[in-house]
Amino acid sequence: MSHKGFSHIGLSTLDLDRTREFYENVLGFRAVRCDIIRVKEGGQIRHIFFDTGRDQLIAFMEARGVPGVPAEYDAGINRGLGVPSVFYHFAFEAGSEAALREKRDELLARSVDVTEVVDHDWAKSIYFKDPNGLQLEYCCFTRNLNADDARLQDRFEMSVRRLGLEDPEALRAAKTPEAVGVDPAGRLR
């Protein structure tokens, strides 16, 4: 069997309406399947799948009154685990450097707090969060990966502050090249 990529990634939300507004109207992902699931023991689950491109989907579930599912929890994943927001994140393909810059401008126009373009040597990215606190990224490859890329090795040093995109002040600070750990040539340190 050959690998064909993801079918979908399933996530949770406490506010499906707000999540839908963001993914449809800010990111431009079309809802392709929407379900209300009645739970026999009580409550219901609302479930929406969004098309992120190439037949790959991202889905969100919102439980209301379902026994065993807390009414409140951290749907942002990282905070609940006590790890920096970069540990669990989801990156969408931008397609090109020009498209990445355009997407950044679109997000800024919609008042989304988004980083400058970050150069990773092999790819470029922008980072932001959804209404659930999930760390999201748009990324594009800038070169083909090779055998040296696949070898685990020391590549760069990063400050813990760079990992700390958890609080809004850190995100604002991360917008400057120095704070993101970018060298004068625009590459991530």
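A pocket is an open set of grid points with protein on both sides within 12 Å along at least five of seven lines, and its lining residues have an atom within 4 Å of a point. In this predicted model, the largest pocket is lined by 17 residues. Thr52, Gln56, Ala91, Phe92 and Glu93 are the lining residues that lie nearest the centre of this pocket. The space inside the largest pocket amounts to about 640 Å³.

Strand E3 (44–53), strand E4 (56–64), strand E5 (89–93) and strand E8 (135–141) are the elements that give two or more residues to the largest pocket. Of these, E5 provides the largest share, with four residues. In terms of residue class, the lining comprises twelve nonpolar residues, together with three polar and two charged ones.

The secondary structure consists of six helices and eight strands. Read from the N terminus, these elements follow the order β-α-β-β-β-α-β-α-β-β-β-α-α-α.

The chain has 189 residues, and 35% of them count as buried. Its accessible surface comes to about 11,500 Å², with carbon and sulfur atoms accounting for 52% of that area. As for contacts between residues at least 6 apart in sequence, 52% join residues at least 24 apart.

Conventions: Residues are numbered from 1 along each chain as its sequence is written. This is a predicted model: local features need pLDDT of at least 70, side-chain atom pairs count only at pLDDT 80 or more; totals for chains, interfaces and linings use all residues. Side-chain values use heavy atoms; hydrogens and water are left out. On a 1 Å grid over the protein atoms alone, a cavity is a set of points where a 1.4 Å probe fits but cannot get out, and a pocket is an open set with protein on both sides within 12 Å along at least five of seven lines; lining residues have an atom within 4 Å of a point. Grid points are joined across faces, edges and corners, and a volume is the space filled by probe spheres set on the points. Ala, Val, Leu, Ile, Met, Phe, Trp, Tyr, Cys and Pro count as nonpolar, Asp, Glu, Lys and Arg as charged, and the others, Gly among them, as polar. Buried means under 20% relative accessible area, exposed over 50%, partly exposed in between (1.4 Å probe, protein chains only). Contact means heavy atoms within 4.5 Å. Accessible areas come from the Shrake-Rupley method with a 1.4 Å probe; for residues, only the protein chains shown count as cover.
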